[in-house]
Amino acid sequence: MKPPKRRWPWPAAHSRQIPNGESLQVCFIGITIRQYSAGFETVLNDISDDLLRKSQDQIREDLNKAVEIGKMTFLAVEETLARLKLERSLETAVRNADLVIEAVPEKIELKLDIFSRLDQICGPEVIFASNTSALSITE
């Protein structure tokens, strides 16, 4: 499989200012990520509605635990959940993304496929990130 056109790490010439929080959209690919993008519009992408619902349920549970221990208010939880969108279509999920974080299983062929597809879909201004622990990001 041909690796994506973008290379890691990005040279400084490719760095750019992140837009203000009101216009930043984050897309997570895969359900293993449970971050909620600190006030940003967030799209969660996965291969099935069932996996997306399970992830949304886990996020809701995590946020409710934060309320229980006094780390969040109920209103903040509702606002966070309102900013979370679920989307099976990769193309739709990343359509307005400024930052795409891949979190698929640790299979290099799968990660390369995702990044190759993202390279074709996303503009050059979109920032790609990978949540990997066992694989080299430079492969």
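At what angle do helix α1 and helix α2 pack, and how far apart are their axes? In this predicted model, helix α1 and helix α2 pack at an angle of about 160°, and their axes lie 9 Å apart. Angles over 145 degrees count as roughly antiparallel, and α1 and α2 are therefore roughly antiparallel to each other. The crossing that α1 makes with α2 is right-handed. On the α1 side, Ile59, Arg60, Leu63, Asn64 and Val67 take part, and they meet Phe74, Val77, Thr80 and Leu81 of α2. By class, the residues of this contact comprise six nonpolar, two polar and one charged.

Strand β4 pairs with strand β5 in the parallel sense over four bridges, and Ile101 stands opposite Ala129 in β5. Between β4 and β5 the chain passes through helix α4, in a β-α-β crossover that is right-handed.

The elements named above span these residues:

| Element | Residues |
|---|---|
| Helix α1 | residues 49–68 |
| Helix α2 | residues 74–82 |
| Strand β4 | residues 99–102 |
| Helix α4 | residues 108–121 |
| Strand β5 | residues 127–130 |

How values were computed:
Residues numbered from 1 in each chain as written. Predicted model: local features only at pLDDT ≥ 70, side-chain atom pairs only at ≥ 80, totals over all residues. Heavy atoms only, no water. Axes fitted to C-alpha atoms, helices over the stretch in contact; angles between N-to-C directions. Helix = DSSP H or I, 4+ residues; strand = E, 2+ residues; numbered from the N terminus. Parallel < 35°, antiparallel > 145°, perpendicular 65-115°, else oblique. Left-handed = near helix turned anticlockwise from the far one by under 90°. Contact = heavy atoms within 4.5 Å. Nonpolar A, V, L, I, M, F, W, Y, C, P; charged D, E, K, R; others polar. Pairing = 2+ DSSP bridges. Right-handed = clockwise from strand over helix to strand, strands pointing away.
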